[in-house]
Amino acid sequence: MLKIESQEVRSAYNRLKSHIYYDTGDLFIRRRLAEFETNLSAEHDIFSVNKEYLRKDKLSIFSGFGLSKTLDEKFEKIADALNGNDGEFFNAFLKKITVRYLPKTFEQEKLPLNFISNRRERQKYNIERASAFIDIPIELHLVTVLWIMKYGKELDSQLSDDAYGNRLLLNKERNDLIKGSGLFKPYYKQYQKWRDKAVKTSKEALENNEDVLFLNLDIKDYYYSVNIDLNSLIEPKRRYYPTLLEVFNEIHIQYTQKLKECKFPFDLNKNLKNKEVILPIGLLSSYILGNYFLKDLDTKINKRVKPLYYGRYVDDILIVIKNPICIVDINEKTQYELIASELENIFCEEKEPVDEENPCKEIKSKLRLKDKKYKNLYCQSDKTLLYFFDHEESELVIDKLKRELDERASEFRDFPAEDDNKTFEDSAYHLLYDGSEGKIKTLKDYKENRFGLSVFLSNKIFSALRHKKKLRIEESRKILKYFKGLNCLESFRQWEKIFTFFMVNGDSESFVDFYIHSFEQIGKIQNKFLNDEISIEERSIETSLQEYLDCAFEMVLALNPMFVSKNNVAIKKLEFFQNEHNDWYSYIVRPFGEPTNPKSYYIERFRLSNLVRHHYVVQPLINYTKIVKDKKHNLTGLDLPIKFGNKPLTFNEISIKNSPRPVKFWECCLAVINIQLASRQLELSDEKDDLKLNLFSLFKEVNEEGEVVNTSFYLDEAFDLYKRINEIHLPEHLLTYGDFKKDFYRCSYDKQNTQCDLIEFQVNKEDRLKNIRFSFANTEVKLENIEYSIRGIPQINSSRYNTFQKIFKYTREENADILLLPENVLPYQLLSSLARFSCDNSIMSISGLEHWKIKNYVFNFIVTVLPITVNNIKDAVVLIRLKNHYAPSEKELIRSEHLFCPKPQKYRYDLINWRNLYFSPFYCFELADSMHRSLFKSKVDLLVASEWNKDTPYYSNIVEALSRDIHAYIAQVNTSQYGDSRLTKPSSSATKDILKLKGGVNDTVLIGEITLDSLRRFQRKNYNQTKDNKEFKPLPPDYDYKNAIKRENNKNILDDDE
């Protein structure tokens, strides 16, 4: 017997929590995990969460009953029990195993021929089919994850690459799980690969003049039809963890027995032998067992059929066969006969016996797998599809299919279009015509478009999160009307998203109306299964749906607990309804309980356990700070809190330690920026102009002799935060080896310069750019928006949102490498969206932030977002610095509001090497400092100037002179009403401007392109070698050609010790 350590239980918990976090459907287990971690339960029994952890000799009123057990204490107890030291511990949890039944299909209304109706609300709703999900305590879920870690990994390693779904993340040797918190390969990537490869293979075969049969099969009731003996999977000599295996087996035995008793979904006794069990839906281990059970089928199909492509996503099978034989006499064969003739070694058609009492009755048939092992497995007739493509005929159908799959893959964007022409009606329905489209007489029916509706809601949620706009009443009414009656019940998996839609749009009355309507419709459910032998409790589905509604309601309120309470009409309507139904809820759903409401003492448990939907939290990692303990704070709000109570905002160590997901470095950069600003509140209590601040500057630690012994930068704090949060998610060797930070950035400074901090950053420098495409944003930065931001009330409306959406979209479509935005254009509330855009699309961005008012000081920052890829994961480094020189007119505008301008303690400029492009961002009036701009002679290929500038003649002269003075490209981007945005090179007047623009009322981008090789080759040569070169002007005096060679060789400019 081997011992299980508490640290292994902790690892299992991390993997379980991470999986649950990314799971969008199962809210029951999410709630259980939140209870387990926070010790907050809706149960009235004070022992309901932790009583199994209490030692009998400690049951004393003076011991506090041990109610606040920490996670580590629980892990130790679980490990102790698994090592055989407490035989009763798991028995208590095994007694709590239950089955939740959720609806799969409802009985449809029978309407007369050619009668179409939009009525969805009924007096009752009959359920025809349901799904049975296991519901167990987290302790038992941990047992199943530990089983995966000890045994399941070996079963998965035996599978071929033809099995795509639910595959474990194994190491290169395929003998262990990868280190970190991951369990399974991402669903969307695996599903896309499985589906797209089938389409691609078919397309290639047609292009090679081969006919193609594309076959899609789905095994009916797969998890219930598997008959597996768990003991047979593990040899006796390898039963190193007997208690683990015993508890694991008992979970399956109890689940199987409960379904046997109620003959769900059919009489299981007919299929199962003595020690055989079925696979519980809702257990992570079932993913591995479900895959492993079909391993022999994978081998058989590949060996005997030899298809062009075979891929299986759990129980969903795709097969591509070239030049099929089954199409001979195709009109004389049934669907199953076609399949059986093509795959005769694998499938057979099984017909029902003739009904002697009714010989004229249609004889139904099934498609069954031939192998004895799979005698219980049948294919679903309504999901069995065959597509035959003749290579001599048109390929437009498969071309269209491929195009639509590609479009679906890109449906969800961080910055969806708010003014998208696609209406709610377009998204929600498919109109079905018989003949010409658009004619009333050919309209035969319509269907709800679940996917289109999901995309629509997601886009509207994400756009609402990024601007302050109230939802129009008519828009709310449309959503409420659509999700009425049967549509509401059939879309129960969307309930959380619908609540979120109303919450982020500030419509608390519709939020409550939807809750009440859903609650009422659930009460009309009746069981009327197609299989009349099923005998589950009459109200079991109703109970499960009521709890699911309660979970969805609680999940959304956890983001913004005071959302409903702020509206008197909404909160009174909710309270009145819940009070009226409390007795019924207590009797049917939760004994002695009541529905969740904004005042429920446990309303914060999803928040405190960090199991809220992080993609709805606009400001990065704000849910990792102590603000989560403040119920008044809306985590989906655009505004950044700088205080928690009377103290500056700080990180919450528990949230950091138990993070459910790995975070990106750019998130850590922005979080540290926000925390550092919050920490300066005491300094900002002074009221004086030009207050000197050491903010986002290089900190130098000096010894007694005045020598610099150490330096630090805010990026170092961000990296430390990145390591701390990701400690449980990334392999240890990555986080501990010395050069890991250099994969993100390298930092050095000019030791000779005492006037200002000239800092050199190297980011992603090995991935060299050759031809560099710039996207210049041509957009108007309105003075009124600048004035509002100075007052601390930035205008984040839908119009401005759409401006950024267009700029981002055009930049992406033009395949630009760099996006340039003018000064004062981006509200700080949208900085996270810019960072995410740059990260996801690998586009470097430079932008001026709108003025940021903190107390009585107005900050003006310039931001550079540098995309990187580390360990095949896209990420970004965010550089921010305070403007060195506020313009005189800017100062006057700020002072006119009785506010003050801060000033850097020491001037700072950045020399950045990103993908072998050496550049420096300047900020408007900084260009007027001739000494500062001369610092970059020979050091850069490019100088970027982000401006909001009326005096275009003056700056035009500076740019033209500067281009020749430092002999570099100059990219200047200004607000469109003043113009003179340009891309200039050190060349003659006739050829110097690669791009130049002014004006235009529409928001757009213009693309300019440069190459570095020719400039650098010119700069490394002497005058005699370049005097006849007409492409560039001669080098200025004292130009250091050695720096040009360093740039060519991708070396440090400032640090010779590299």
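Visitor: What makes Arg-174, Lys-185, Lys-189, Lys-193, Lys-197 and Lys-200 a patch of positive charge?

Guide: In this predicted model, these residues gather on the surface. Lys and Arg count as positive. Like charges are joined within 9 Å.

Visitor: Where is Lys-193, and why is Lys-193 called partly exposed?

Guide: Lys-193 sits in helix 6, residues 187-207. Its relative accessibility is 46%. Partly exposed lies between under 20% for buried and over 50% for exposed, so Lys-193 counts as partly exposed.

Visitor: How many aromatic pairs does a search of the whole structure find?

Guide: The search gives 68 aromatic pairs. One of them joins Tyr-515 and Phe-577.

Visitor: Why is the pair of Tyr-515 and Phe-577 called edge-to-face?

Guide: The planes stand at 85°. Edge-to-face needs over 60 degrees, so the pair is edge-to-face. The distance is 6.5 Å centre to centre.

Visitor: What makes this pair a tie between parts of the chain?

Guide: Tyr-515 lies in helix 18 (residues 508-522) and Phe-577 in helix 20 (residues 568-588). The parts are therefore tied together although 62 residues apart in sequence.

Visitor: How do you know whether Tyr-515 and Phe-577 are buried or exposed?

Guide: Tyr-515 has 1% relative accessibility, and Phe-577 has 5%. Buried means under 20%, so both count as buried.

Visitor: What kind of pair do Phe-922 and Phe-936 form, and why?

Guide: Their planes are 80° apart, with 5.6 Å centre to centre. The angle is over 60 degrees, so the pair is edge-to-face. Both Phe-922 and Phe-936 are buried.

Visitor: Which residues form one aromatic cluster?

Guide: Among them are Tyr-515, Phe-577, Trp-584 and Tyr-585.

Definitions and conventions
Residues numbered from 1 in each chain as written. Predicted model: local features only at pLDDT ≥ 70, side-chain atom pairs only at ≥ 80, totals over all residues. Heavy atoms only, no water. Patch = residues over 30% accessible without salt bridge, like charges linked within 9 Å, V, L, I, M, F, W, Y side chains within 5 Å. Areas by Shrake-Rupley, 256 points an atom, 1.4 Å probe, with all protein chains shown as cover. Salt bridge = Lys/Arg side-chain N within 4 Å of Asp/Glu carboxyl O. Charge placed at Lys NZ, Arg CZ, Asp CG, Glu CD. Helix = DSSP H or I, 4+ residues; strand = E, 2+ residues; numbered from the N terminus. Buried < 20%, exposed > 50% of the residue type's maximum accessible area, 1.4 Å probe, protein only. Phe/Tyr/Trp six-rings, centres within 6.5 Å; stacked < 30°, edge-to-face > 60°.
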